[in-house]
Every structure is written in structure tokens, then in C-alpha cells.
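Please look over the structure below before reading the comments. They are set out as numbered points.

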Amino acid sequence: MKILGISASPRVGGNTEFIVNEVLKSAKEEGAEVELLTMVNKEIKPCMACESCYENAECAIQDDDAAFFFDKMMEADGIVIGSPVYFGSVTSPLKSLIDREQVLWNQERSFKGKICASVAVGWKWGHNTTLSAIDGFFLTNKGMVISNGGVPGFGLMVYAEGKGEAEKNEDAIKEAIELGKLMVETINKVKE
Ligand SMILES: Cc1cc2nc3c(=O)[nH]c(=O)nc-3n(C[C@H](O)[C@H](O)[C@H](O)COP(=O)(O)O)c2cc1C
């Protein structure tokens with residue numbers, strides 16, 4: 001079983017990377033093979049709405065990292081994507097990747113059967129809308145979205161601002177560990 005974690009922060013060793021890694025560490029302890037990717041120094045150009053993916057199932061933009069991320073997602077049984085909250089939504093590289101997803105539809109590739117989870121890390125506000133953007137990406141590609149449940153119920157919200165703050169947030173770490181376990185447990189059930 002493979003679980004892929006993606007941190008959409010441009011900050012090296014930031015809060016999002018830390019929390020996504022906690023999810024992965026917990027999943028690894030439960031027996032999963034894990035991989036962490038970050039968007040640091042990655043280039044994902046915005047969709048040009050050229051419709052070339054509709055015509056020949058290929059994206060017209062080939063000189064960036066979007067295909068790398070999509071290929072990695074296709075190999076995984078579980079995907080957890082974390083983003084810092086940037087003005088109430090995901091960071092721009094992640095938004096560009098989400099907009100580029102139409103190529104997947106036209107290649108008939110999807111997240112069908114994959115267990116997906118979202119994480120939003122922000123100082124004070126906008127976690128809900130950030131989680132919605134990530135969950136929307138999963139759902140529009142037929143992924144099965146899970147969360148630890150409770151309130152708010154549709155993703156992991158982490159309150160942290162300065163670099164290193166998430167490492168002191170015991171509740172967030174506990175929830176990240178719980179999410180890692182839940183992902184492995186759910187993937188096992190799906191595979192039964
Ligand atoms: C451009 C920018 C926009 C931000 N917008 C918000 C916001 O809307 N709401 C919020 O609570 N925090 C906001 N923040 C704070 C970050 O979400 C917060 O510092 C987070 O911990 C960064 O995660 P990272 O360390 O993984 O990069 C913003 C930070 C930046 C740099």
C-alpha cells in the first residue's frame with residue numbers, strides 16, 4: 001500500500017510539510033509505504049484553457065512539473081494534500097495543479113478507489129474554504145474523501161503561523177497521527 005503526501009507550501013520545512021509528514025509517519029507505522037513531495041521549487045504553470053487536452057488528451061504545457069505530480073498520484077492508494085491557507089484558499093501552485101486536472105479527465109485517469117484526505121494550515125481564518133478546494137479536486141476526480149470526523153468534519157484544520165509553530169501544536173499532531181491511521185485502515189477495508 002502506497003500513501004503519497006503533498007505539501008503545497010513554498011516554505012522549506014514549513015508547518016504544512018511538518019503536519020503532512022506526521023500523517024505519513026503514522027501511516028508508515030501502520031505498514032504503509034509513504035512518500036512526501038513538496039511544491040518547493042516546483043513549477044506548475046496555469047491552465048491556458050487552450051482545450052488541447054480535449055482534442056488529443058495531452059496538455060499543451062509539457063515543460064513544468066504538473067505531469068510529475070499527476071503520475072505520482074496515480075501510483076498511490078492514498079493521497080493526502082496539505083496547503084497553507086493563502087487568503088482563504090490554497091497556494092497558487094496547488095491551484096494551478098487543480099486547474100490542470102482536466103487533462104486527467106481526457107486521459108480517462110482518475111482517483112477512483114483512492115482514499116484522499118485534506119489538510120489546511122493557517123494562522124486564523126480560511127481553513128474551511130481551503131479544505132473545500134482540495135476536497136473538490138479529489139471529488140471531481142472520483143476520489144473517496146475521508147476525515148477524522150467531528151467538527152468541522154471535512155478535513156484537518158491546523159492553526160499555526162510562524163515557521164515551527166505546528167511542531168508545538170499537540171492537538172494538530174494528535175489529529176495528524178489519527179488521520180494517518182485512518183487512511184491505512186480505510187485503504188485496507190477498500191482492498192478487502
Ligand atoms: C501570502 C500569504 C497569505 C496568507 N493568508 C492567510 C489567510 O488567509 N488566513 C490565515 O489564517 N493565514 C494566512 N497566512 C498565514 C499562513 O497560512 C501560515 O503562516 C501557515 O502556517 C503557513 O504554512 P507553511 O509554514 O506550511 O508555509 C498567509 C500567509 C501568506 C504568506
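Predicted model: local features only at pLDDT ≥ 70, side-chain atom pairs only at ≥ 80, totals over all residues.

The points that follow cover the ligand site, a surface patch, one cysteine and some salt bridges.

1. Thr16 places a side-chain N or O atom 2.6 Å from a ligand oxygen. Backbone atoms also take part: a polar one of Lys124 is 2.5 Å from a ligand oxygen, and a polar one of Val121 is 3.3 Å from a ligand oxygen. On its own the ligand has 650 Å² of accessible area, of which the protein covers 81%.

2. Nonpolar patch. Tyr86, Phe87, Trp123 and Trp125 make a nonpolar surface patch of about 600 Å². Tyr86 sits in the loop that runs between strand S3 (78-84) and helix H4 (92-99). Its relative accessible area is 40%, so Tyr86 is classed as partly exposed.

3. Cys47. Where is Cys47 found? Cys47 is in the loop between strand S2 (33-38) and helix H2 (52-56). With a relative accessible area of 36%, Cys47 is partly exposed. Apart from neighbours within four places in sequence, Cys47 contacts Asp99 and Arg100. Pro10 is 37 residues away from Cys47 along the chain, and their C-alpha atoms are 20 Å apart.

4. The structure has 8 salt bridges. One of them pairs Lys2 with Glu75, with 4.0 Å between the closest N and O atoms. Because Lys2 belongs to strand S1 (residues 2-7) and Glu75 to helix H3 (residues 66-75), this pair ties together parts 73 residues apart in sequence. Lys2 is partly exposed at 31% relative accessible area, and Glu75 is partly exposed at 46%.

5. Salt bridges within helices. Lys25 and Glu22 form a salt bridge with an N to O distance of 2.7 Å. These two residues are 3 apart in helix H1 (residues 15-29), so about one helical turn separates them. In helix H4, Asp99 and Lys95 lie 4 residues apart, about one turn, and their side chains form a salt bridge of 2.6 Å, N to O. Asp99 is partly exposed at 31%, as is Lys95 at 40%. Asp99 is also one of the contacts of Cys47.

Key: Residues numbered from 1 in each chain as written. Heavy atoms only, no water. Patch = residues over 30% accessible without salt bridge, like charges linked within 9 Å, V, L, I, M, F, W, Y side chains within 5 Å. Areas by Shrake-Rupley, 256 points an atom, 1.4 Å probe, with all protein chains shown as cover. Buried < 20%, exposed > 50% of the residue type's maximum accessible area, 1.4 Å probe, protein only. Polar contact = N/O pair within 3.5 Å; in protein donor to acceptor, adjacent residues only side chain to side chain. Contact = heavy atoms within 4.5 Å.
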